[in-house]
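Subject: A structure to look at, with notes

Hello,

Here is the structure I promised to pass on to you. Please open it alongside this email, and my notes will follow below.

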Amino acid sequence: MYLLYSVLILAMIFFFVLPITDARTARMKLSVMGSLGVLLAASVVVPRLMH
């Protein structure tokens with residue numbers, strides 16, 4: 001499970017350090033960061049709800 005967390009965090013860091021060149025890149029960066037954040041939160045919360 002920690003492997004999943006580390007991959008998600010590394011993906012978020014990768015998209016966080018990408019340079020913003022135009023508005024389209026900013027929207028893409030924001031949407032990817034948001035979706036990865038939701039995925040990380042869900043991967044933390046859902047296994048705890050299963051018990």
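Let me start with a definition: helices (H or I, at least four residues) and strands (E, at least two) are DSSP runs, numbered from the N terminus. R24, for instance, lies in helix α2.

Before the findings, a word on the source. This is a predicted model, in which local features need pLDDT of at least 70 and side-chain atom pairs count only at pLDDT 80 or more, while totals for chains, interfaces and linings use all residues. Residues are numbered from 1 along each chain as its sequence is written, and side-chain values use heavy atoms, with hydrogens and water left out.

The overall picture

The protein chain has two helices and zero strands. Its radius of gyration (taken over C-alpha atoms) is 13 Å, well over the 10 Å that the globule rule (2.2 Å times the number of residues to the power 0.38) gives for 51 residues, so the chain is more spread out than a compact globule. Along the principal axes, the C-alpha atoms fill a box of roughly 45 × 15 × 5 Å.

How much of the chain is buried? Buried residues account for 18% of the 51 residues; here buried means under 20% relative accessible area, exposed means over 50%, and partly exposed is in between (1.4 Å probe, protein chains only).

The core and its surroundings

The largest nonpolar core consists of six residues: Y5, L8, M12, V32, L36 and L40. Such a core is a set of buried Ala, Val, Leu, Ile, Met, Phe, Trp, Tyr and Cys residues joined through side-chain atoms within 4.5 Å. The elements giving two or more residues to this core are α1 and α2 (23–50).

Leaving aside neighbours within four places in sequence, L8 is in contact (heavy atoms within 4.5 Å) with L36, L39, L40 and S43. S43 belongs to helix α2 and is buried, with a relative accessible area of 9%. Not counting residues up to four places away in sequence, S43 touches M1, L4, Y5 and L8.

Aromatic rings

You will find two aromatic pairs in the structure. In Y2 and Y5, the rings are edge-to-face, 6.1 Å centre to centre with 75° between the planes. Rings of Phe, Tyr and Trp (its six-membered ring) pair if their centres lie within 6.5 Å; planes under 30 degrees apart count as stacked, over 60 as edge-to-face and the rest as tilted. Why are Y2 and Y5 separated by about one helical turn? Because they are three residues apart in helix α1 (residues 2–17). Y2 counts as exposed at 70% relative accessibility, whereas Y5 counts as buried at 19%. The pair of F14 and F15 is edge-to-face too, with 5.3 Å centre to centre and 75° between the planes.

F16 is found in helix α1 and counts as exposed, at 56% relative accessibility. Which charged end sits over the ring of F16? That of K29, 5.7 Å from the ring centre; the cut-offs are NZ of Lys or CZ of Arg within 6 Å of the ring centre and within 35 degrees of the ring normal. Not counting residues up to four places away in sequence, F16 touches K29 and M33. The C-alpha atoms of F16 and M1, 15 residues apart along the chain, are separated by 23 Å.

L18 is in the loop between α1 and α2 and is partly exposed, with a relative accessible area of 25%. L18 and K29 are 11 residues apart in sequence and 8.0 Å apart in space, C-alpha to C-alpha.

L10 lies in helix α1 and counts as exposed at 57% relative accessibility. Between L10 and S35, 25 residues apart in sequence, the C-alpha to C-alpha distance is 14 Å.

Finally, back to R24, which counts as exposed at 66% relative accessibility. The C-alpha atoms of R24 and V46, 22 residues apart along the chain, are separated by 32 Å.
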